[in-house]
Amino acid sequence: MLETKIKALRQERGMDQSQLAELVGVRRETIGRLEKGLYNPSLKLAMDIAHVFGLTVEEVFSFRDE
């Protein structure tokens with residue numbers, strides 16, 4: 001299962017889902033689904049999100065055995 005720190009990172013920076021979505025070129029719903037673990041991002045989207053936070057993909061996303 002893919003785990004993400006997007007929500008915590010976004011909240012630390014005072015950013016809402018819509019703001020992050022606009023920065024990476026997706027809909028707000030996509031960010032919500034990512035945060036809930038209901039959607040696996042493409043590599044490009046994962047890299048774009050990591051770039052917004054100044055982190056690596058591995059620092060934002062991780063895999064957990066189900």
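Mentor: Threonine 30 lies in helix α3; helices are DSSP runs of H or I with at least four residues, strands are runs of E with at least two, and both are numbered from the N terminus. This is a predicted model, in which local features need pLDDT of at least 70 and side-chain atom pairs count only at pLDDT 80 or more, while totals for chains, interfaces and linings use all residues. Residues are numbered from 1 along each chain as its sequence is written, and side-chain values use heavy atoms, with hydrogens and water left out.

Trainee: Does threonine 30 count as buried or exposed?

Mentor: Buried means under 20% relative accessible area, exposed over 50%, and partly exposed in between, with a 1.4 Å probe and protein chains only. Threonine 30 has 19% relative accessibility, so the residue counts as buried.

Trainee: Which residues does threonine 30 touch, not counting those up to four places away in sequence?

Mentor: A contact means heavy atoms within 4.5 Å. With residues up to four places away in sequence set aside, threonine 30 touches Tyr39 and Leu45.

Trainee: Which residues of helix α3 are buried, and what covers them?

Mentor: Helix α3 spans residues 28–35, and its buried residues are Thr30, Ile31, Gly32, Leu34 and Glu35. Their cover includes β1 (2–4), α1 (6–12), α2 (17–24) and α4 (43–53).

Trainee: Is aspartate 48 buried, partly exposed or exposed?

Mentor: Aspartate 48 has its place in helix α4. Its relative accessible area is 24%, and therefore aspartate 48 is partly exposed.

Trainee: What separates the C-alpha atoms of aspartate 48 and glutamine 19?

Mentor: Along the chain, aspartate 48 and glutamine 19 are 29 residues apart. Their C-alpha atoms are separated by 13 Å.

Trainee: Which pattern does the protein chain follow along the sequence?

Mentor: The protein chain has 5 helices and 2 strands. Read along the sequence, they give β-α-α-α-α-α-β.

Trainee: What is the radius of gyration of the protein chain?

Mentor: The radius is taken over C-alpha atoms, and the globule rule is 2.2 Å times the number of residues to the power 0.38. For 66 residues, a compact globule would have a value near 11 Å, so the protein chain agrees with the rule at 11 Å.
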